[in-house]
Amino acid sequence: AALAALVDQVKQRFDLVLLDIPAVLTTSDAIPLASLGAACLIVARQGVTPKSKVQAALDDVKHVPMLGVVLNRVKLKTPRFIRRWIPQD
């Protein structure tokens, strides 16, 4: 209750408040913390986080409006013939 009151005070003072919470599937604290926010954003690591885990996390926070999923540490392999058209400054 005290944390919820603190978050409410911070929301009144600032236009945007980001709560960087632990992974939803790794700790029981994550879902109640996610519920304190107005919306949720899931972060998944490319090549590491299985799609089934992303779906499970989405299911666990389905009561919170979802903004989307961010794919973290993405490695793109742009062909050389395309790279020459991309400014390298």
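This is a predicted model: local features need pLDDT of at least 70, side-chain atom pairs count only at pLDDT 80 or more; totals for chains, interfaces and linings use all residues.

Biologist: Is leucine 58 buried, partly exposed or exposed?

Modeller: Leucine 58 is partly exposed, because its relative accessibility is 22% and the buried class needs under 20%.

Biologist: Let's zoom out. How many helices and strands does the chain have?

Modeller: The protein chain has four helices and two strands. In sequence order, the pattern is α-α-β-α-β-α.

Biologist: How do strands β1 and β2 run, parallel or antiparallel?

Modeller: They run parallel. β1 covers residues 40-45 and β2 covers residues 66-72. Six bridges join them. Arginine 45 stands opposite asparagine 72 of β2.

Biologist: What unit do β1, helix α3 and β2 make?

Modeller: A right-handed β-α-β unit. The helix in that unit, α3, spans residues 51-60.

Biologist: Which residues of β1 are on its covered face, and which on its uncovered face?

Modeller: Cys40, Ile42 and Ala44 make up the covered face. Leu41, Val43 and Arg45 make up the uncovered one. Side chains in a regular strand alternate between the two faces of the sheet.

Biologist: Pick one from the covered face. Why does alanine 44 count as buried?

Modeller: Alanine 44 is in strand β1. It counts as buried because its relative accessibility is 6%, and the cut-off for buried is under 20%.

Biologist: How far is alanine 44 from valine 69?

Modeller: From C-alpha to C-alpha, the gap is 7.2 Å. In sequence, alanine 44 and valine 69 are 25 residues apart.

Biologist: Now the surface. Which residues form the nonpolar patch?

Modeller: Leu41, Val43, Leu67 and Val70 form it. Together they have about 370 Å² of accessible area. Strands β1 and β2 each supply at least two residues of the patch.

Biologist: Why is leucine 67 called exposed?

Modeller: Leucine 67 belongs to strand β2. It is called exposed because its relative accessible area is 66%, and exposed means over 50%.

Biologist: Where is arginine 73, and is it buried or exposed?

Modeller: It lies in the loop between β2 and α4, which covers 80-83. Arginine 73 is exposed, because its relative accessibility is 53% and the exposed class starts over 50%.

Biologist: Other loops, then. Where is glycine 37?

Modeller: Glycine 37 is in the loop between α2 (30-35) and β1. With a relative accessible area of 23%, it is partly exposed. Aspartate 59 is 22 residues from glycine 37 in sequence, and their C-alpha atoms are 16 Å apart.

Biologist: And where is proline 22?

Modeller: Proline 22 is in the loop between α1 (2-13) and α2. It is partly exposed, at 39% relative accessible area. Proline 22 and alanine 2 are 20 residues apart along the chain, and 19 Å separates their C-alpha atoms.

Biologist: Last topic, the overall shape. What is the radius of gyration of the protein chain?

Modeller: The chain has 18 Å. A compact globule of 89 residues would have a value near 12 Å. Along the principal axes, the C-alpha atoms fill a box of roughly 55 × 35 × 20 Å.

Biologist: What share of the 89 residues counts as buried?

Modeller: The share is 13%. Alanine 44 counts as buried too.

Key:
Residues are numbered from 1 along each chain as its sequence is written. Side-chain values use heavy atoms; hydrogens and water are left out. Two strands pair if DSSP finds at least two bridges between them. A crossover is right-handed if, with the strands pointing away from the viewer, the path from the first strand over the helix to the second runs clockwise. Patches are made of residues with over 30% relative accessible area and no salt bridge: like charges are joined within 9 Å, nonpolar side chains (Val, Leu, Ile, Met, Phe, Trp, Tyr) within 5 Å. Accessible areas come from the Shrake-Rupley method with a 1.4 Å probe; for residues, only the protein chains shown count as cover. A salt bridge is a side-chain nitrogen of Lys or Arg within 4 Å of a carboxyl oxygen of Asp or Glu. Buried means under 20% relative accessible area, exposed over 50%, partly exposed in between (1.4 Å probe, protein chains only). The radius of gyration is taken over C-alpha atoms; the globule rule is 2.2 Å times the number of residues to the power 0.38.
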